[in-house]
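Hi everyone, thanks for coming.

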Amino acid sequence: MLPYKVYRLLLIIYIVLFGSALPLQAARQNEKRDYFDRWSAVPSKELSNRAVNLIMNGGSIDSAFFFLNVVYNRYVIDADDRQKQIDAARALNNMGYIMSFEFFDYERAYTYLSKALELSTTNDGELLPYIYVNLGNLKLTQTEYVNPESMAEALPYYKKGFYAAANTRQWDIMLINFCNMMWMSVGFDACVDYRSLAKEIAYFGRLPIPSTNDNLPLAQQLVRICQSVSNGKFDEALSLADKALAAIPPSPDSLRYVASVYSLQAFCLMKTGRSEEAITKLKRLLQLVKDNGIKDLETETYRYLMMACKEMSYSQRAKDYEYLYLKSKDSLLFGNKLASMERIRLMQRLSVANREVAASAQRMRRMRMGVAIVLLFAISVIGFSVALLRRNRLLRESYHKLYQTMQETIAPKPKKSQMNPRLRADIVGRIESVLSNPDELCSEDMSLGRMAELTDVSQKLVSQAINEQWQKSFPQLLAEYRIREACRRMQDPEHYSHMTIEGIGQSVGFHTRSNFFATFKRITGLKPTEYIKESQR
């Protein structure tokens, strides 16, 4: 047996080594999070306020998005902190707003808003009305502008926001949700029966809303307008619309309310047979939204003009506005502000940082759970190590020789190709010949069996040749060649400018938009929209 002092010395050495490893590990994790740590001294509330000021006052949206990301990642690191959950929910709500109305990335906007809703349901009921109104607005703006049933899906969000705000006496956001419900029952895009809102209107009338609230007069005028339109009194509605314009309070969203009133007036003019006046009103609205750079409202106004011209049987003018509408919509959906390389690099850095922070947080949680177990296990490990040291030296040498012999025996031998090089070269040439034919490459029937049929070689040999030549499977090779063909078509506007990105993806053999976008990003490192803009630089 070894002396007691030796046991104690070994235990001290082990604890010192293990303890010194912890700060080293933590230093490595902090190094990875350096991109966010420079803002660690700034409180979350201040970062959120900075972001909101930038959004509301026309500042740098990229900076606003960055500040909100920092706040959210503090929650990722410490998900058990209730205050950080609340701060993260607010940040996610604003990130969803940015993605929807600044970058027009509706899929990511819905992801952020859904996560904000999940965190707010149990932690911050006061934020719920804001999330619901953003979800409702998102549902309206992400539709194809021609599907009333889909647009009506925004109504439940507005109702939830209305009642949630009323319960917490948040009058401003309550009135915004209420006004949005009213707008859905009148105008060109009316998709809700005014009578179905009777419960909400009655409840609105009973609420103790302060008479000094800036949004209250507009809401009251909207109720009267909806009643007039519902009863077919369009001249009365026109008169009330003028009062509604005067009641719109100054705010970052006031121009959207002005645009809504203009379109309502044009709708009422159409209903009273004054179509030329309606078109003049819509042209005035178009100039207004173009001067202020509101792309989604510009798209909507083109559609209203198209509808008005069709109503008057101005077929050529209707076609012209239809073209402008489709062009504007395509620009809205695929030409968003993230296309610049600076924004792409920002999003990439944030994405990488998000993953690193999440991974770091997960490792730190595991480390905390493991430290206690490792410390308790340390003594037994040391005892086992001491027992091994007492083994006979000759026996250890014997084990070492046996280990070396076993390693040499089981060491994997380099695999050699079993295919004749000349045969492989011939099969590879046949495969390349087939893949260079766009008709066969993009055919829905292209498969390993089809490739074997076209090359007059068995499926097994085709698969083996691909594996040895390209170190890929057949589906991987096929996807790579199809993405190359898609890139070629994107760079050939003379023949393919009439096709959308989804159309090009389908033309080269991808059945779904998501599959095409994911495969394109994996192979090229860019989204299709980013690739097109880079190729045009």
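Let me start with a cut-off: a residue is called buried when its relative accessible area is under 20%. C309 has a relative accessibility of 0%, so this cysteine counts as buried. C442 comes out at 11%, and therefore it is buried as well. Please keep in mind that what you see is a predicted model.

While we're on cysteines, how many disulfides does the count come to? With a disulfide taken as two cysteine sulfur atoms within 2.5 Å, the count is 0.

Now, on to helix α13, which covers residues 234–247. Its 14 residues reach 19 Å from the first C-alpha to the last, close to the expected 20 Å. Which of its residues are buried? They are F234, A237, L238, L240, A241, A244 and A247. These buried residues pack against two other helices, α12 (216–230) and α14 (254–271).

Let's stay with the first of those partners. Two packed helices are described by the angle and the distance between their axes. For α12 and α13, the axes come within 9 Å and cross at roughly 170 degrees. Angles over 145 degrees count as roughly antiparallel, so that is how α12 and α13 run relative to each other.

And who meets whom? From α12 we have P217, L218, Q221, R224, I225, S228 and V229. Facing them in α13 are F234, E236, A237, L240, A241, K243, A244 and A247. Sorted by class, this contact of α12 with α13 has 10 nonpolar, 2 polar and 3 charged residues.

Key. Residues numbered from 1 in each chain as written. Predicted model: local features only at pLDDT ≥ 70, side-chain atom pairs only at ≥ 80, totals over all residues. Heavy atoms only, no water. Helix = DSSP H or I, 4+ residues; strand = E, 2+ residues; numbered from the N terminus. Expected span 1.5 Å × (residues − 1). Buried < 20%, exposed > 50% of the residue type's maximum accessible area, 1.4 Å probe, protein only. Contact = heavy atoms within 4.5 Å. Axes fitted to C-alpha atoms, helices over the stretch in contact; angles between N-to-C directions. Parallel < 35°, antiparallel > 145°, perpendicular 65-115°, else oblique. Nonpolar A, V, L, I, M, F, W, Y, C, P; charged D, E, K, R; others polar.
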